[in-house]
Amino acid sequence: MKKYIPNILSILRIICSALLLFISDRIIFIFLYFIIGLTDILDGFIARKFNIESELGARLDSFADFVFYIILFFIFTRLYNQIMTVNYKMVLIGLLFVHLLNLLLTKLKYKKFVFVHTIANKTSGILVYFSPAIILFKQSNLIIWVIFLFIFIAALEELLITIISSEVNLNRKSVFCK
């Protein structure tokens, strides 16, 4: 049973992310948001700690992250439209395009969808997770653009890894190391 816990946590993250779309109560929203962050940390930690890492688990984790990011984008464009200017939306659409291009390339090249767990992607995930608080409490264009820039660089790094790598390594740390 222990070997399924990380996958169950990733599936819980997908469910909680989807529920965010239907929650209007702020306390429940914050609670679910916290659970999403906690499950994102715990699934990988538990898998590594108990040596129960799997390709399915890595894929579920990445898919759960992707679902969360897409849902977060829709929530922000719907609820916080005054903050999400056209420029921000265009950048986010560009980021989505780079990620989808990478997915398409991995499907063509490796015959499966691949998300690489680079250090930059993990850091991007942390920035995305905390970005609502950063944006709502410190409405600084500079901070928002720095976050976007970092996420864009991480996405480009993943795309570059896909282009130059002949085989899949889901846990490759960077384009600079194997």
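**Figure 1. Helices H2 and H3 pass each other in a left-handed crossing.** The model is predicted: local features require pLDDT of at least 70 and side-chain atom pairs pLDDT 80 or more, whereas totals for chains, interfaces and linings use all residues. Residues are numbered from 1 along each chain as its sequence is written, and side-chain values use heavy atoms, with hydrogens and water left out. Helices (H or I, at least four residues) and strands (E, at least two) are DSSP runs, numbered from the N terminus. A crossing is called left-handed if the near helix is turned anticlockwise from the far one by less than a right angle, and right-handed if clockwise. Two packed helices are described by the angle between their axes and the distance between the axes. For H2 and H3 the angle is about 155 degrees, and the axes are 11 Å apart. Axes are lines fitted to C-alpha atoms, for helices over the stretch in contact, and angles run from 0 to 180 degrees between N-to-C directions. H2 and H3 are therefore roughly antiparallel to each other (angles under 35 degrees count as roughly parallel, over 145 as roughly antiparallel, 65 to 115 as roughly perpendicular and the rest as oblique). On the H2 side the contact is made by Phe 29, Tyr 33, Ile 36, Asp 40 and Asp 43, and on the H3 side by Asp 61, Asp 65, Phe 68, Leu 72 and Ile 75; contact means heavy atoms within 4.5 Å. These residues divide into six nonpolar, no polar and four charged. Here Ala, Val, Leu, Ile, Met, Phe, Trp, Tyr, Cys and Pro count as nonpolar, Asp, Glu, Lys and Arg as charged, and the others, Gly among them, as polar.

**Figure 2. Phe 68 is a buried residue of helix H3.** The relative accessibility of Phe 68 is 4%, so this residue counts as buried (buried means under 20% relative accessible area, exposed over 50%, partly exposed in between, with a 1.4 Å probe and protein chains only). Not counting residues up to four places away in sequence, Phe 68 touches Ser 17, Leu 20, Tyr 33, Ile 36, Val 128 and Tyr 129. Phe 68 and Arg 13 are 55 residues apart in sequence, and their C-alpha atoms are 7.9 Å apart in space.

**Figure 3. Helix H1 passes H2 in a left-handed crossing.** The axes of H1 (residues 5-20) and H2 come within 8 Å and cross at roughly 160 degrees. That angle makes H1 roughly antiparallel to H2. Residues of H1 in the contact include Ile 5, Leu 9, Leu 12, Cys 16 and Leu 19, and those of H2 include Phe 29, Leu 32, Ile 35, Thr 39 and Ile 46. The contact of H1 with H2 comprises 15 nonpolar, three polar and three charged residues. H1 has 16 residues and reaches 22 Å from its first C-alpha to its last, close to the 22 Å expected at 1.5 Å a residue; the expected span is 1.5 Å times one less than the number of residues. Among the buried residues of H1 are Pro 6, Asn 7, Arg 13, Ile 14 and Leu 20. The buried residues of H1 pack against H2 and H3.

**Figure 4. Asn 51 lies in the loop between helix H2 (26-49) and helix H3 (55-79).** Although Asn 51 is not a glycine, its phi is positive, at about 55 degrees. The relative accessibility of Asn 51 is 64%, and the residue therefore counts as exposed.

**Figure 5. Helix H4 is followed by Lys 111, a residue with positive phi.** The 25 residues of H4 should span 36 Å at 1.5 Å a residue, and the end C-alpha atoms are 35 Å apart, which agrees. Tyr 88, Leu 95, Val 98, Asn 102, Leu 103, Thr 106 and Tyr 110 are the buried residues of H4. What covers them includes H3 and helix H6 (141-164). Lys 111 lies in the loop between H4 (86-110) and helix H5 (119-137). Its phi is about 70 degrees, although Lys 111 is not a glycine. Lys 111 is exposed, with a relative accessible area of 63%.

**Figure 6. Ser 124 is a buried residue of helix H5.** The relative accessible area of Ser 124 is 6%. Leaving aside neighbours within four places in sequence, Ser 124 is in contact with Phe 150, Ile 151 and Ala 154. Ser 124 and Leu 12 are 112 residues apart along the chain, and their C-alpha atoms are separated by 21 Å.
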